[in-house]
Amino acid sequence: VAWGWFQSSLAQSAGAIVGGRELIRSPGFSPVVLPIVTVCSNLVAFLVALFVLLIYQLVVGTGIGIQVWPLPLLIALQFILTLAIAYVIAALNVVFRDVGHLVAVLLQLMFFMTPIFYDASMIPDRFQTFYRLNPMVHFVESYRSVLLDDTALKWWPIAIISCFSILLLFVGKNLFVKLSYRFAEEI
C-alpha cells in the first residue's frame with residue numbers, strides 16, 4: 001500500500017506540469033500547487049487502502065497493537081519524501097520530456113529493490129549497505145513493524161530519512177521554482 005502511493009505519485013508527477021498547460025498559462029496561477037495535488041490525491045487513495053487494511057486486521061483477529069502510534073509520523077515523512085521527489089520529476093520533465101519514461105523504468109527497478117514481497121534480511125550482508133540506501137526499504141519495514149508485527153520502530157533510519165527528506169524537499173522545491181519561469185514557454 002505504501003509503495004503504491006509512492007509509485008503512483010511519482011509516475012503522475014512527471015505529467016503534472018505538461019498535463020496542466022491551461023493552468024500554467026493562466027495568470028496568477030502558481031504551478032507549485034500541481035505536484036502537491038498529485039501527491040495528495042494519491043495520499044487519499046493510500047489512506048482509504050490503509051483503512052481497509054486496518055479493518056481487515058480487526059476482522060481477521062490480528063488486531064492493531066500499541067506500536068501503531070507512530071503511523072501518522074510515517075505517513076507525514078513519506079509525504080515529505082514523495083513530494084520532494086515529485087517536485088524534481090515534475091520540473092525536469094518539462095525541460096527533458098523523456099524523464100517520465102526514465103521514472104517509470106527506475107520505479108520498476110526500485111520495486112524489486114524494495115522488500116515488498118520478501119524480507120530485507122534475505123539480501124546478503126555484503127549488499128546490505130547499498131540496499132539500505134533505498135529510503136523505501138525503511139518505510140516498508142517501518143509500516144510492517146507497526147502494522148503487522150506490532151514491534152517497535154527503528155528510529156535511527158527514520159531520523160536519517162527525515163533529515164534527508166527535508167533537505168531534498170528544500171532542494172526540490174527550489175529547483176521547481178527556479179525552472180517554473182520557463183514552464184509556459186516550454187509547454
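So, how are α1 and α5 oriented to each other, roughly parallel or roughly antiparallel? Let's keep that one open for a moment and get our bearings. Bear in mind that this is a predicted model.

Overall picture, then. The C-alpha trace covers about 55 × 40 × 25 Å along the principal axes.

Okay, back to the opening question. Helix α1 is residues 2-13, helix α5 is residues 99-112, and their axes come within 10 Å, crossing at roughly 165°. Anything over 145 degrees counts as roughly antiparallel, and therefore that's what we call α1 and α5. The crossing of this pair is right-handed, by the way. Who's doing the touching? On the α1 side you have Trp3, Phe6, Gln7, Leu10 and Ala11, and α5 brings Val103, Leu107, Met110 and Phe111. Sort those residues by class and you get eight nonpolar, one polar and no charged.

Next pair: α3 and α7. Helix α3 takes in residues 33-60 and helix α7 residues 135-149; they pack at an angle of about 35°, and the axes sit 11 Å apart. From α3, the residues in the contact are Phe46, Leu50, Leu53, Leu54 and Gln57, and they meet Tyr143, Leu147 and Leu148 of α7. The class count for this contact is seven nonpolar, one polar and, again, no charged residues.

You'll find glutamine 128 in helix α6, which runs over residues 125-131. Is glutamine 128 buried or exposed? Its relative accessibility is 15%, and the cut-off for buried is under 20%, so glutamine 128 counts as buried. And which residues does it touch? Leaving out anything up to four places away in sequence, glutamine 128 is in contact with Ala120, Ser121 and Ile123.

To wrap up: α1 and α5 are roughly antiparallel, α3 and α7 pack at about 35°, and glutamine 128 in α6 is buried. That's my tour, thanks.

Key:
Residues numbered from 1 in each chain as written. Predicted model: local features only at pLDDT ≥ 70, side-chain atom pairs only at ≥ 80, totals over all residues. Heavy atoms only, no water. Axes fitted to C-alpha atoms, helices over the stretch in contact; angles between N-to-C directions. Helix = DSSP H or I, 4+ residues; strand = E, 2+ residues; numbered from the N terminus. Parallel < 35°, antiparallel > 145°, perpendicular 65-115°, else oblique. Left-handed = near helix turned anticlockwise from the far one by under 90°. Contact = heavy atoms within 4.5 Å. Nonpolar A, V, L, I, M, F, W, Y, C, P; charged D, E, K, R; others polar. Buried < 20%, exposed > 50% of the residue type's maximum accessible area, 1.4 Å probe, protein only.
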